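Biologist: I'm new to this one. Could you walk me through how to read it?

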Amino acid sequence: MMNPTANCTKATKTWVPRPLCHMCGVCGAPAADVQHYGSTVCYSCRAFFRRSVGCGKEYGKCARDTDSCVVDQVNRTNCKKCRLQKCVEIGMKPEKVLKNRNTIKESTKASILIKESAQDFQRFIFHPEPTCLTPLSLDSSEDSSGESLNANEKDENNENSIDICALAEICVLEELKQVENSKHIKTVNDQEEPVTDNYCLLTSYISPGLELTFEEEFKIHELEVMKENLLDGFFKITLEVPHYFEHFSSVLISWSLGLCTVSPKRMLTFLNNKRNFFRNDFANGGRVSMLLNCFYVFKNVPDEVKIETFHFSVSVMALCFRAFFKVNSDKEYLIEQKKAAGLLNPAFLQAVDQIFPNNRNAIRSIDEYGLAIFKSPWAKHQSDEELFCQTMQTVGEIVKDDVNLGTLYITLVLATPGEGLSQEAKTNPSLLQVQQEITLLIYRYLKTKHNDADMASHTLNLLLKLIGDLHTCRDIHLFGRAHQASEGSCF
């Protein structure tokens, strides 16, 4: 008799983020119950200490000439000398940092490769034509370095103890060497030829062997928290739009009764009012701007570049949310649908509880991109409508209910300016760096998920191509409607 478990595949491991239940000894930020280089600190201070000691940096002058600056979460970056001094005072040991000159050399080479491939990323998004691409390298920044796999440090008095941080960092350096030596692929006749496949972007040459590090998994978790905070904040701001809650309540009640009677004209008018409300808040540096700035990956991007890029890309992100929402319409109830799409947030739940006390499952799932406004025919041209639906369906099917992948993708979408934006926005080094880091993180996440480098590369390249298609869909949605909303809508 055949063993019924013979063909069962190995269950996918579920990552549970380590709780930040301790306080950083340097700046007081939340920290995990893990020692880094001899003391309990947050990931930011750990990375600062590693860079300072590993690169042999010396900070000879205090920013305030007092040698006693306050180091906390707000001003920990103001004075590097006092921050490093405090690291040592709380017990962080410089000798535990990997002091290998090759580290600096390889990190420098990695940075050069990333800058070169950033230009190829922009050319691919805006002009997807055959081109020889620069291979993508592993970044040496604190969020993708892979050092410290969060195992408690060995007995510090034991000379034979293993430094896990150093061991993991060595593994990453081996990956960097593979990348640098993989600038070409071999043909059947062993002739080196550049890759010219239209969509073989950035990952054509490499296949990082390491699984996601704890730090990378933690970064994904942080991005997910930031996205939920963004959605929660957006919904709270929306509730302040005049008459919104009455409109929201009537729509949900009608839908729960199977009587959805919202007209496209009424919905477009409401969306236009919401757009004006959000745009005014954003222009004045209000809460919309503050919520977007919570995405720390953009912290080094100049404000003027962020404002210009976000003004465009937020509406593209909203289309992604619509795609994730519709593809999960196979869920029975609306709450389950939004959760699977990664769109559930506390403010929405509170509103639902207010409308349907003790009955969150009063509303069934909705098989639409948006109530009424995407009922065919809604676009001026049928070909535009077909392109819109095909793109949205493809994006939805790739992400489906993978909340982590959806979060990474909308972060990349937020970081990608439209072709019509200024050269300053499209070529800003800090913004390009964000694009590269998130692109690599998506690839490594997909490779870990599928355990297949080719599948990860194919999926990533498709997602990258779809960003350009989503930009086109944005224009169709905002400016190519048969019944046009006000020009300039961006939310």
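Biologist: Where does Asp-65 sit in the chain?

Modeller: Asp-65 lies in the loop between α1 (43-54) and α2 (80-89). Its phi is near 60 degrees, a positive value in a residue other than glycine.

Biologist: And Asp-67, what is its phi?

Modeller: Phi of Asp-67 is near 55 degrees, again positive in a residue that isn't glycine. Asp-67 also belongs to the loop between α1 and α2. With a relative accessible area of 38%, Asp-67 is partly exposed.

Biologist: Which residues does a cis peptide bond join?

Modeller: Look at Ser-376 and Pro-377: the bond joining them is cis, with omega at about -5 degrees. Pro-377 is in the loop between α11 (346-355) and α12 (382-399).

Biologist: How should I read the confidence?

Modeller: Remember that this is a predicted model, and pLDDT is the predictor's confidence in each residue. Here the protein averages 76, and 70% of the residues score at least 70.

Biologist: Which elements have the lowest and highest mean pLDDT?

Modeller: Strand β5 (residues 185-186) has the lowest mean, 38, while helix α13 (residues 403-414) has the highest, 96. Over residues 100-105 the pLDDT is below 50, and that stretch has 5 contacts beyond near neighbours in sequence. Residues 485-491 are also below 50, but that stretch has 23 contacts in the model beyond near neighbours in sequence.

Note on methods:
Residues are numbered from 1 along each chain as its sequence is written. This is a predicted model: local features need pLDDT of at least 70, side-chain atom pairs count only at pLDDT 80 or more; totals for chains, interfaces and linings use all residues. Side-chain values use heavy atoms; hydrogens and water are left out. pLDDT is the predictor's confidence in each residue, from 0 to 100. Helices (H or I, at least four residues) and strands (E, at least two) are DSSP runs, numbered from the N terminus. Contact means heavy atoms within 4.5 Å. Buried means under 20% relative accessible area, exposed over 50%, partly exposed in between (1.4 Å probe, protein chains only).
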